[in-house]
Amino acid sequence: MGRKIQWFHHKSLAAWGYKKTQTDTFAVLHPLDEEKYSSTKTYPLYVVFHSSGHDVFSAVACIWQKGNHSIYHAPVGMYALYLDCRQNEDDWWWGGNSALEILSEDRRGIKKQPVEMRCIATVEWVADHYPIDRNRIYAVGNSMGGSGALGIAMCRGDLFAAVKVNVPAGVRHLVDRCDLEHTVLNGFSIPDPPVLVDYSAQNDPWSAGHQHLYRLMSENRYAILGYWGNFGHANDDEVIEKENDLVHSFDLFQVALNQPYPAFTNADTDDTVPWADDGSIISDAAGQVNAYFRWGKVEEGEKHIEIPLRLLSPDERMSKFVFPQTAKTDITLRRLQKCHFPPGGQVTWKFGNCGGSVTADERGLVTIPQITVERQEKRLILHCENMAKQPDKKEGKTKNV
């Protein structure tokens with residue numbers, strides 16, 4: 001394929017917490033154009049978590065065949081890291097629990113398993129030893145690997161820009177590590193999570209539990225673009241897109257770690273999730289959550305932030321879906337870089353001809369309720385005079401920003 005690949009075998013480190021030392025393997029796939037550029041160029045990193053039917057070797061072997069586990073096929077302009085959890089049985093299911101069985105109660109909660117520590121350490125090692133753009137590291141996974149990507153990457157919003165999962169075989173790993181149900185006391189918190197793209201099938205038993213994913217992501221005001229349809233436990237993009245042709249309409253790689261992003265919740269254009277509260281299937285129709293929303297490059301100062309918002313147009317994407325002209329939604333701004341709103345502070349906002357004032361919550365998050373987004377781009381502008389105090393990293397004190 002014209003791309004260099006390197007294989008690494010290594011012993012476990014004591015810091016990962018394995019009961020005994022083991023040997024593991026990972027692979028690094030190089031970008032196609034690597035030799036054309038100087039050493040100053042950096043590349044995104046595409047981190048692949050394999051399914052239960054694979055290991056790191058067979059996952060890499062899939063990329064020679066079009067449509068064979070499409071999500072394993074790393075873009076040609078990126079480095080890719082292929083991880084493994086099959087070589088040692090205690091690492092199974094990437095340290096979490098599956099959609100159809102509880103593998104072990106000690107996998108529950110916020111405590112990370114050794115395999116999770118190993119995976120994060122491997123990502124860090126690759127980012128340190130290759131010309132990786134640290135603002136553009138993405139986690140992807142299929143089936144068991146989707147469950148693993150959710151559990152390992154979603155709680156590390158300081159490392160991963162975005163996550164994309166195909167028919168993830170469980171969401172409990174994510175719910176536990178991110179404490180989405182708020183069972184942990186004493187001020188547990190995680191960084192603003194990566195933007196999530198999830199596509200699953202209501203006629204796939206391994207997609208069980210997705211009602212919890214959609215409910216809890218909304219309640220916590222986390223960013224998700226969700227898609228579903230009757231494509232079963234498919235892994236071929238062509239098969240999936242016959243049932244839902246919006247699945248790959250969002251450019252995941254526009255999301256960067258050093259850029260704020262909006263989380264959309266309670267949109268009136270969301271379809272009803274086909275998984276009922278009790279897990280039963282109430283619809284066989286294809287659908288989406290937040291699939292039509294788009295945003296542009298954010299401009300941010302110390303007291304204000306501006307973000308362009310619009311809806312996806314049918315001119316941009318051929319689809320069986322009827323694209324809305326307008327959509328009402330709540331918008332929460334996350335991953336702010338310079339503009340940190342104080343808890344309880346008053347923030348003024350303007351969007352087109354509309355405007356008002358909202359109060360930042362106890363975490364400093366600001367949510368603008370039920371604004372109307374249209375196909376024509378408008379800028380959402382937020383401003384706050386009394387900004388939060390930020391720690392002075394050099395002196396360990398606070399200063400007014």
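Trainee: Which residues of helix α5 (residues 210-219) are buried?

Mentor: In this predicted model, His210, Gln211, Leu213, Tyr214, Leu216 and Met217 of α5 are buried. Their cover includes α4 (172-177), β7 (195-200), β8 (224-228) and β10 (287-289). Just after the helix, arginine 221 has a positive phi of about 55 degrees.

Trainee: Why is threonine 269 called buried?

Mentor: Its relative accessible area is 14%, and buried means under 20%, so threonine 269 is buried. This residue sits in the loop between β9 (261-265) and β10.

Trainee: What is threonine 269 in contact with, leaving aside neighbours within four places in sequence?

Mentor: The contacts of threonine 269 are Gln288, Tyr292, Phe293, Pro324, Thr326 and Ala327. A contact here requires heavy atoms within 4.5 Å.

Trainee: Why does serine 189 count as exposed?

Mentor: Exposed means over 50% relative accessible area. Serine 189 has 59%, so the residue counts as exposed. Its place is the loop between α4 and β7.

Trainee: What makes the phi of asparagine 290 worth a remark?

Mentor: Most residues other than glycine have a negative phi. Asparagine 290, which is not a glycine, has a positive phi near 65 degrees. This residue lies in the loop between β10 and β11 (293-295). With a relative accessible area of 3%, against a limit of 20%, asparagine 290 is buried.

Trainee: How do you know that arginine 335 is buried?

Mentor: The relative accessible area of arginine 335 is 6%, and the limit for buried is under 20%, so arginine 335 is buried. Its phi is also positive, about 60 degrees, although the residue is not a glycine. Arginine 335 lies in the loop between β14 (326-334) and β15 (346-351).

Trainee: What makes the protein chain as compact as a globular protein of its length?

Mentor: The protein chain has 6 helices and 20 strands. Its radius of gyration is 21 Å, and the globule rule gives 21 Å for 401 residues, so the chain is as compact as a globular protein of that length. Along the principal axes, the C-alpha trace spans about 60 × 55 × 50 Å. Of the 401 residues, 55% are buried.

Trainee: Which residues have the most contacts inside the largest nonpolar core?

Mentor: They are Tyr82, Tyr227, Leu309, Phe341, Leu380 and Leu382, in a core of 70 residues. Strand β13 (residues 304-311) gives the most to this core, with 4 residues. Another core lies apart from it and has 53 residues, among them Leu45, Cys119, Ile152 and Val163.

Trainee: How many residues line the largest pocket, and which lie nearest its centre?

Mentor: The lining has 25 residues, and those nearest the centre are Ile190, Asp192, Arg334, Arg363 and Leu365. The volume of this pocket is about 570 Å³. By class, its lining has 13 nonpolar, 7 polar and 5 charged residues.

Trainee: What is the volume of the second largest pocket?

Mentor: The second largest pocket has about 360 Å³. Its lining has 16 residues, with Tyr18, Lys19, Asp90, Asp91 and Pro114 closest to the centre. That lining divides into 3 nonpolar, 6 polar and 7 charged residues.

Definitions and conventions: Residues numbered from 1 in each chain as written. Predicted model: local features only at pLDDT ≥ 70, side-chain atom pairs only at ≥ 80, totals over all residues. Heavy atoms only, no water. 1 Å grid on protein atoms, 1.4 Å probe; cavity = no way out; pocket = protein on both sides within 12 Å on 5 of 7 lines; lining within 4 Å. Points joined across faces, edges and corners; volume = space filled by probe spheres on them. Nonpolar A, V, L, I, M, F, W, Y, C, P; charged D, E, K, R; others polar. Buried < 20%, exposed > 50% of the residue type's maximum accessible area, 1.4 Å probe, protein only. Helix = DSSP H or I, 4+ residues; strand = E, 2+ residues; numbered from the N terminus. Core = buried A, V, L, I, M, F, W, Y, C linked by side-chain atoms within 4.5 Å. Rg over C-alpha atoms; globule rule 2.2 N^0.38 Å.
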